[in-house]
Amino acid sequence: MSKRVSRSSRTMANLAGIVVFLLCVFPVYWMVNTSLLTRREIRSPDPTWTPLGGTLDNYRRVFEGGQFLDALRTSLMVTLATVVVALAFAFLAAVAVARFRFRGRRSFVVALLLIQMIPVEGLFISQYKMLESMQLLNTVLGLTIVYVASVLPFTVWTLRGFVAGVPYELEEAAMMDGCSRFQAFFKVTFPLLAPGLVATGVFGFIQAWNEFTLAVVVMTSDQKKTLPVWLSTFTDVNRGTDWGAVMAGSTLIAIPVVVFFLIVQGRMVSGLTAGAVKG
Amino acid sequence: MRMKKTLAVTVTALLAMLAMSSCGSDDDNTPQSGGPAKADIRVWLNGADTPQEARDWLKTTFEDQNPGSTLTIEEQQWEGLVERLTTALTSESETPDVVEVGNTQAPTFTSAGAFSDLTSALPDLGGDDLLQGFVDGATADGKTYAVPYYAGSKYVFYRKDLFAAAGLTVPTTTDEFVQTAIALKQANPSPANFSGFWLPGQDWRNGVTFVWNDGGDLAVDDNGTWQGSLSSPESIAGLKTVQQLFQQASGAPKDGNEADPQTPFCNNEIGMMSAPGWVTGLIQDPDTGCPDMMKNVGVFAMPGADGSPAPVLLGGSDIAISAKSPNQDLAQKAVALMLSDDYQSILAANGLTPAKTSLASQLGTDEFAQATIAAATNAKLTPAAPGWATVEGSRILEDLFVDIAKGGDVEKLAKAADDRMSQELG
Amino acid sequence: MTTSGPSRPNRPGSLLPLGLLVPAVAALALALGYPLVRQVILSLQEFGLAQQFGKPAEWVGLQNYRDLVADPYLWKVVVRSVVFCLVNAALTLVLGVGVALLMRQMSKPIRILVQSGLLLAWAMPVLAALTVWQWLFDTQYGIVNWLLTHLGPDFAGHSWLLEPLSFFFVATVIVVWMSVPFVAFTVYAALTQVPEDLIEAAELDGAGPWQRLRAVILPTVRPVLLVVALLQVIWDLRVFTQIYVLQKAGGVTRDTNLLGTYIYRLGIGGGDFGTAAAVAIFMLVLTVVLTAPYVRMMLRQEDAA
């Protein structure tokens, strides 16, 4: 997407982009800013706009309990397992529904939509009982199974769209050049799915990373808390919430997501090169 | 000084009388008992309320007295607690042995059979010395399923300097209190949101004091069916006082909640506020409050209509044993330790109202302790209806008080709230 | 040529596609099978906390549903929720797709900046995001009131949550802010698939930007767009946390309940799991009804492909 964009429209787009960026980031900035202020400054009639002359006390308090690293480990394991497993399973299913026509295909697609529509809020008790019967309470595996199921429908549907977006003619052309069907698929189509895998991967990552309702009932032992459950230990209805610690903890929780994205974002550029589709 | 001591003694006696006046049940239940002689007992405590000193004492003492057994305290959060208890207490493999539960949450679980019957152990745990309202709340069909852990009541913080500037003295009756609050607001026209008495719209927990004070109540047991009683003439009178305070004395947001009261207090926006004792700590801490102001801060128990302390809403926690716990005997030993004089004295020394009335004096002798004890003498609880949690869950009272703060017709609003409450409780 | 042509090359009776579905189906059945069946059973029972602790449950047939539908307040909440859902989903989609299209035009550094910004907003823990927004609109110390007051009009002490309309305005700002990143992100990923040459060809044929968008870009991203839109409708219909938190901060609960908070207060809050399950199934039906035309369109497109 290069030569096509005229200079003036690019400038306009860049300016608009900066506005979008600021709108997105302001609350995030406020979180980071707050995490560096004293509790007194946090709730004061005159806003403190910058953390200059701030304090690292909130971060110190957050690390004091020593539970952060445990929670980070649990969250990382659950989230990465969820992303990898969900992407793998969804990818296979997406290829099936996008590239093949078979009996039951339509029912599968509709069933996925229906599953997506089920309100999950009331399900946590049944899911708890299920994990209990499988002896998977307080385990990474148990939580991962449920998370995988909750992001699968969307991931299948979205990847299906991406697979369908790659013209089958490309694969046919490769096959004419002597590739087998599998070779053709993995050499031609698979690389073009990268943006879709990144987008759905980020989706799964954030869903699993921030989930609270199920984690709070399934992971009860101190060493097995996930990050959002750990974060909630700083809210205390009886003693007043330690907002500085909440914001410091939240900032720490947000960082790995950004790191994850920066690692995968290079894959987000267009896979289709000019000329590839002239078929 | 002597006055204070006398007060403390009187109060203790009063509490004891209060405790004795209620009737125990003499059902002869076979206690749920059993379990191995040695085990690891898991105790769920919520938030940071239980001081570290008490936790250490509990663990050490329990393990000394029960060689071979261990006791593990797992800290839980109030946030999501009901969900967590709803699930964990049903699981034989995962259930904690002993749990702390909010005193308004307890009735829901006791009537559901989540907790073991403690009736026969009650005399050993403190008997009539226990805070009776808590015991009543955890009793269903004559059986008691939970015992009080600690309580906390609110008292009034006021600004001595502002009182002096406006020529006011500490009020001794409810009427005086209302007049003082209004006068204080008028004497401080700036800032515009100054409160003679700080009362955010959602704060029914403070507002209900005035309903009780005039002889009204939130809900009453009418031959086995609970019904809202906010539209009784007595309740209406109390609610009108609340509306007067909202409109003439309070500068707090009409739909706000009572969180973080130290913020407006330290911003010189408050002349009087009713808050839990631990707010003192927040005001004293330079990080959270304004230690310089402490010299101007005084406290007193909210005065009632006749000059004795007004009925205030008592908060706090219960402890109970999970019915699914395989270690009933050991769990009961742990509960007994948590109600022992030694343990409860540690709680009292940390400002929590102890579960036993005889230990109230352990709270100390300073002004704050005196106010705590005085406030507790006439403290009340939310109605012991099994469905009460639903009323709080659907926020009927928050809605009612916000509408009253907005200046709505008290009688009409109270009637509507009664209908909704009766529906939830019926 | 057609941009998407999943021609169907497999021999009839091939087991390969079914095999590809096995892992996904197994995972879904494992994690959701029992809970779903139980949910349906619960909705036909009187099931409270006592039953949760082992008391046998009583079958009540459709009574839970009858009670539900007979409550006039439910229908008020339904209408409110549907309107809120449609407004929010539409706003989110328009803004999200707009941002995604804009990103195509930006220079690379700015694009990465915007992507990072979107991601930060998306990744911000919900507890922190809602707290910050609540502070921004706080009656006494909120920056919004502070700024407005400094700009002229007197907003000191203005309560944004007291009136339902104003309450839902604030809720919309928060919900849209929290959902736009997901839409922008996913749609942008889909846009990267649009072949450049097609756009150039269209441009040479004299197609303006609007025509290029309609004729070339939208058809390619349609499958993804439809999924994203559907998901947005589903999510916005059952929005819970944002409303729940705002209700704690201010406003009148009864006037601001949406389906999500209503179910919560009915079921989990009151320990009536039978009714809560019935509401959940009711919501499922409502979602199906609301999205039926849409889903039919998706399936038609599926067949046409």
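In this predicted model, the largest nonpolar core comprises 180 residues, of which A90(A), A93(A), A94(A), L152(A) and V187(C) touch the most other members. Helix α8 of chain C, spanning residues 164–191, supplies the largest share of this core, with 19 residues. At least three residues of the core are also drawn from each of domain 1 (1–55) and domain 2 (61–268) of chain A. The surroundings of A90(A) can be described in more detail: when its neighbours within four places in sequence are left aside, A90(A) is in contact with L152(A), T155(A), V156(A), L159(A) and T200(A), and also with A24(C). Apart from the core of 180 residues lies another core, of 124 residues, whose members include V98(B), L199(B), L339(B) and L397(B).

Chain B contains 18 helices and 13 strands, and its C-alpha atoms fill a box of roughly 70 × 45 × 35 Å when this is taken along the principal axes. The radius of gyration of chain B is 22 Å, which agrees with the value near 22 Å that a compact globule would have with 426 residues. Of these 426 residues, 56% count as buried. Among the contacts in chain B with a separation of 6 or more, 77% are accounted for by residues 24 or more positions apart.

The domain assignment of chain B gives two segments of sequence to each domain, with domain 1 formed by 2–145 + 315–377 and domain 2 by 154–311 + 385–425. The C-alpha centres of these two domains of chain B lie 29 Å apart, and 13 residues of domain 1 are in contact with 14 residues of domain 2. On the side of domain 1 that touches domain 2, the elements giving two or more residues are α4 (106–110) and α15 (367–377) of chain B, and α15(B) gives the most, with 7 residues. By class, the residues on this side of domain 1 divide into 5 nonpolar, 7 polar and 1 charged.

Within chain B, helix α9 (residues 204–213) is mostly covered, since 9 of its 10 residues are buried. Just after α9(B), G215(B) takes a positive phi of about 90°.Between chains, 25 residues of chain C are in contact with 25 residues of chain B. The elements that give two or more residues to the side of chain C that touches chain B are α2 (49–52), α11 (241–249) and α12 (253–256) of chain C, and the largest share, 3 residues, comes from α2(C). This side of chain C has 9 nonpolar, 12 polar and 4 charged residues.

With regard to confidence, the model scores ipTM 0.86 and pTM 0.87. The mean pLDDT of chain C is 87, and 93% of the residues of chain C reach 70 or more. Over residues 1–8 of chain C, however, the pLDDT is below 50, although this stretch has 21 contacts in the model beyond near neighbours in sequence. Where pLDDT is low, the predicted coordinates should not be read in detail.

Notes: Residues are numbered from 1 along each chain as its sequence is written. Chains are lettered from A and ligands numbered from 1 in the order in which they are written. This is a predicted model: local features need pLDDT of at least 70, side-chain atom pairs count only at pLDDT 80 or more; totals for chains, interfaces and linings use all residues. Two residues are in contact if their C-beta atoms, placed from the backbone, lie within 7 Å. Helices (H or I, at least four residues) and strands (E, at least two) are DSSP runs, numbered from the N terminus. Ala, Val, Leu, Ile, Met, Phe, Trp, Tyr, Cys and Pro count as nonpolar, Asp, Glu, Lys and Arg as charged, and the others, Gly among them, as polar. A nonpolar core is a set of buried Ala, Val, Leu, Ile, Met, Phe, Trp, Tyr and Cys residues joined through C-beta atoms within 7 Å. A residue is buried if 20 or more other C-beta atoms lie within 10 Å of its own, exposed if 12 or fewer, and partly exposed in between; C-beta atoms are placed from the backbone. Domain bounds come from an automatic or database domain assignment. The radius of gyration is taken over C-alpha atoms; the globule rule is 2.2 Å times the number of residues to the power 0.38. pLDDT is the predictor's confidence in each residue, from 0 to 100.
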